[in-house]
Structures are given as C-alpha cells and as structure tokens.
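Please examine the strand pairing in the structure shown below.

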Amino acid sequence: MVLSNPQDSRILKNFSLEHDFDQTTIKQYRQLFQMRHEGHAWNDLGDLEFLQRLGGYRVDQETGEKGFTLAGVLMFGTDLAIMGVMPRYFVDFREKLSSDPNIRWTDRVYPDGMWEPNLYQFYRRVLPKLFLALPTPFQMEGVYRQDETTAHKAVREALVNCIVHASTRLYEGPVVERYPDRLFFSNPGTMLVSVEDFFEGGHSICRNSALHKMFEMIGGGERAGSGADTIKKGWADNKWPAPEIKEHFGQNDDRVELTLRIGQSTSSPGKETESKLKTRKKTREIIREKIGENPSITVFELAEQIGISRKGIEWHIAKMKSEGLLEREGPDKGGRWIVK
C-alpha cells in the first residue's frame, strides 16, 4: 500500500539536472539498471526522462507544477543540493568490531566531504560492509556458483527498508551499525503498521514510494508486503535468533530500530512461537483489565499505560474484536468498550 501523498513525492523548486545531480551516481545507477534489465525501453531514454519514469521528476496533474522530487534529489543529488532542502540530513554507518574502549569504531561511512552522500552512494558503500558479517557458503545452482544466500537477501532488504521508510520530516537520518554478533538498523519515524502486522507479512505502507521503486528496480528491496518475509527467512534458514523491532518515541525524533543477531539461536522456532503467543496473551489480559477499570479509556491512554505503541494496541484490539472478545459502543470520542 502507498500513502496518498508520499513524503518523497514533493516537488522542489529551482533544481536542475546539471547543477544539483551527481552525474557519476546517475551513470552508476543506470549501468546497474541496464545489467538487470537488458533490452528495457528505459535504457534508451535521456537522463531527465529516465528520472521521470523512476519518480525523480514529476508533473502535478492538478496544478501543472513540475520539477525534480525530493526522492530524486535524495537518491542522486549532490551534497549541496541535499543540504539545501534538508539541512540536517545525515546518513551514518558505524562498524564496531574492537573490544578496545579507546577505539570508537573500526570503520565508518558518513558525509565527510570525500564522496557525494546521496542515498544511492550510501547504499553501494554500506551493503558490501554488511555482507562481510555473513558466512558465505559455496553453493551451486545448476552449473553456476551462487554465493548470495537468503541471509544476504535479508540484509539487503533490511538496509533498503531502513532507507526508504525513514521519515524526511524528522531530525537526522538512517543509522546502520555492525557489531561482532549483530547488525543494527535505525531510521527516523514511526512504523505505519504494527510490529505484529509487519512480522505476519503481507502488510506494508510505503512512506517513500518513489525511493522504494528506485531501489526495487536495481534489485534492492522486495515488493510491498514481502520484505518482512525475506528478512525472517534469511535468519530462520541459519537458525539465528528472530529479528527484533522496537519503536522509540522522543520529543523531536521518533525512531524504528531493527536488530539482526548473528549466531546460533538459544531457542527452537517452536519455543519462539510459544513465547510470542504468551506475550500476546498477557498483553490482551492487561488490555481487558484496563478496560474493565475504565470502559471509556482511549487507545492512546492504553498505549501509554501498557508501554507499547498505539499501532500495537490497535492490532490487539482488532484481533480481540474479530474473536468476539471485545466490542465498541458509541463513537471513538465519548463511547465505551464492552468486554465479552
């Protein structure tokens, strides 16, 4: 599902292809696109038309306004162009493999003036560094060697998710970290679906649909709704602990954090499922208890008192209503809950 007004579709004024876009980035992207889509009609287009097909340039059909979009500048723009529209833009990869407390990080990729820090350049620099954290078994598919495993696909999906789901309206930007035993992804914003819906798969709302399309066209990111399945499968195939997602709510910067632990899981898939079921059951019992104490309690108040996100509360309530355990009488404001 795509938002009716994706954040990255905003048309920017006074931007030009010659002065605000990194020609090396466009060339590298188009070469990769051509490798993956040999014979595609877009390969014969000029750069402007090509960007228009990707959503990097558009015409507003209602107002007639036309120009480069925020997605186009973030993906292919120069440092100065990006900072001109987002002064606090910052992408950051930190590698922390040393146990020496005096060594803050063993490698880092950030806007240091040595490269154009648009999202495509960040992606192509960071992905190989994340792949180094994974074992690469020798695999054969027919007579060809295939080194990329489901774990590699999971890491690629996690990185793209971190980038394309980042809110452009909040402070800072995506942060990616590599540790000896885990990979960590953090992006500004809140989840547009509940954590439960995300892990169930098939549920996705894209905050930045043009950026998602740009990555999808070069093999980065799965189609909407299947990303969580790709991440889960990559880790389950290796019997590693299940991916962990947390939401943090701050005064100026809400963030979504994904942790992928690398190593043998301490519990079997069956025990993980049993644990999740117990957690859900306990949460629903608390919801019933809070509603029993105050039938007029709001979703926001439930989220605040129980300590999980509003979307998480909405997910549990929807499930409880579908199972006949809970009913709503009256409007959202002024109504009340009825526990069955």
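The model is predicted: local features require pLDDT of at least 70, side-chain atom pairs count only at pLDDT 80 or more, and totals for chains, interfaces and linings use all residues. Residues are numbered from 1 along each chain as its sequence is written, and side-chain values use heavy atoms, with hydrogens and water left out.

Strands here are DSSP runs of E with at least two residues, numbered from the N terminus. Two strands are said to pair if DSSP finds at least two bridges between them.

Strand β10, residues 255-261, pairs with β8 in the antiparallel sense over seven bridges. Within this pairing, Leu183 stands opposite Leu260 in β10.

Strand β8 also pairs with strand β7, residues 175-178; these strands run antiparallel and are joined by four bridges. Three residues lie between β7 and β8, and the two strands form a hairpin. Here Val176 stands opposite Phe185 in β8.

Phe93 stands opposite Val176 in β7. Strand β3 is in turn joined by three bridges to strand β4, residues 107-109, and these two strands run antiparallel. In that pairing, Glu95 stands opposite Asp107 in β4.
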